[in-house]
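Reader: I would like to learn how to read a model like this one. Please take me through it feature by feature.

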Amino acid sequence: QVQLQESGPDLVKPSQTLSLGCTVSGGSITTDYYYWNWIRQPPGKGLEWMGAIAYDGTTYYNPSLKSHTSISRDTSKNQFSLQLNSVTPEDTAVYYCVLDAIGWGSWGQGTQVTVSS
């Protein structure tokens with residue numbers, strides 16, 4: 001059914017901006033009550049919800065990350081994106097794009113991002 005695929009760089013330098021994309025197939029990002037999320041997992045740590053963009057374009061952010069995070073979408077491409085500004089090595093993680101629907105969801109395979117000079 002709905003499939004998600006992350007894309008972007010695997011290495012980013014400190015202080016730069018990380019930009020990741022998620023391409024969705026098998027469903028529309030504008031379908032009612034679908035919420036499109038970014039979740040990350042640093043090595044050896046748990047999952048951290050970063051934020052989401054809803055079917056109507058409304059955005060939601062983890063307060064601890066909000067000042068550096070932006071989520072957007074391109075409905076013509078059925079894609080949504082993450083920008084994380086001023087990254088540090090602590091932003092090294094596997095990044096996932098995730099669909100949260102009513103009673104079900106779907107995960108991308110994840111993409112490893114390393115922040116290092």
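**Reading the strands, contacts and core**

Author: T111 lies in strand 11, residues 111–115. Strands (E, at least two residues) and helices (H or I, at least four) are DSSP runs, numbered from the N terminus. This is a predicted model: local features need pLDDT of at least 70, side-chain atom pairs count only at pLDDT 80 or more, and totals for chains, interfaces and linings use all residues. Residues are numbered from 1 along each chain as its sequence is written, and side-chain values use heavy atoms, with hydrogens and water left out.

Reader: Is T111 buried or exposed?

Author: Start with the cut-offs. Buried means under 20% relative accessible area, exposed over 50%, and partly exposed in between (1.4 Å probe, protein chains only). T111 has a relative accessible area of 16%, so T111 is buried.

Reader: Which residues is T111 in contact with?

Author: Contact means heavy atoms within 4.5 Å. Leave aside neighbours within four places in sequence, and T111 is in contact with E6, L20, A93, V94 and Y95.

Reader: Where is T75, and what does T75 touch?

Author: T75 sits in the loop between strand 7 (69–74) and strand 8 (79–84). Its relative accessible area is 46%, so T75 is partly exposed. Not counting residues up to four places away in sequence, T75 touches I29 and T30. The C-alpha atoms of T75 and G57 are separated by 9.6 Å. These two are 18 residues apart along the chain.

Reader: How many disulfides are there?

Author: The rule is a pair of cysteine sulfur atoms within 2.5 Å. By this rule the count is one. The disulfide joins C22 to C97, with S to S at 2.1 Å. C22 is in strand 3 and C97 in strand 9, so the pair links distant parts of the chain, 75 residues apart. Both cysteines, C22 and C97, are buried. The torsion about the S-S bond of C22 and C97 is about 70°, so the disulfide is right-handed.

Reader: How many aromatic pairs does a search of the whole structure find?

Author: Rings of Phe, Tyr and Trp (its six-membered ring) pair if their centres lie within 6.5 Å; planes under 30 degrees apart count as stacked, over 60 as edge-to-face and the rest as tilted. The search finds eight pairs. Take Y34 and W104: the ring centres are 5.7 Å apart and the planes are at 90°, so the pair is edge-to-face. Y34 lies in the loop between strand 3 (18–25) and strand 4 (35–41), and W104 in the loop between strand 9 (93–100) and strand 10 (105–107), so the pair ties together parts that are 70 residues apart in sequence. Y34, at 16% relative accessibility, counts as buried. W104, at 35%, is partly exposed. Y34, W36, W38, F80 and W104 form one aromatic cluster.

Reader: Which residues have the most contacts inside the largest nonpolar core?

Author: In soluble globular proteins, nonpolar side chains tend to be buried together. A nonpolar core is a set of buried Ala, Val, Leu, Ile, Met, Phe, Trp, Tyr and Cys residues joined through side-chain atoms within 4.5 Å. The largest one here has 27 residues. Those with the most contacts inside it are L4, L18, V24, W36, W38, F80 and Y95. Strand 3, strand 4, strand 5 (48–54), strand 8, strand 9 and strand 11 each supply at least two residues of this core.

Reader: How many helices and strands has the chain?

Author: The chain has zero helices and eleven strands. Buried residues make up 41% of its 117 residues.
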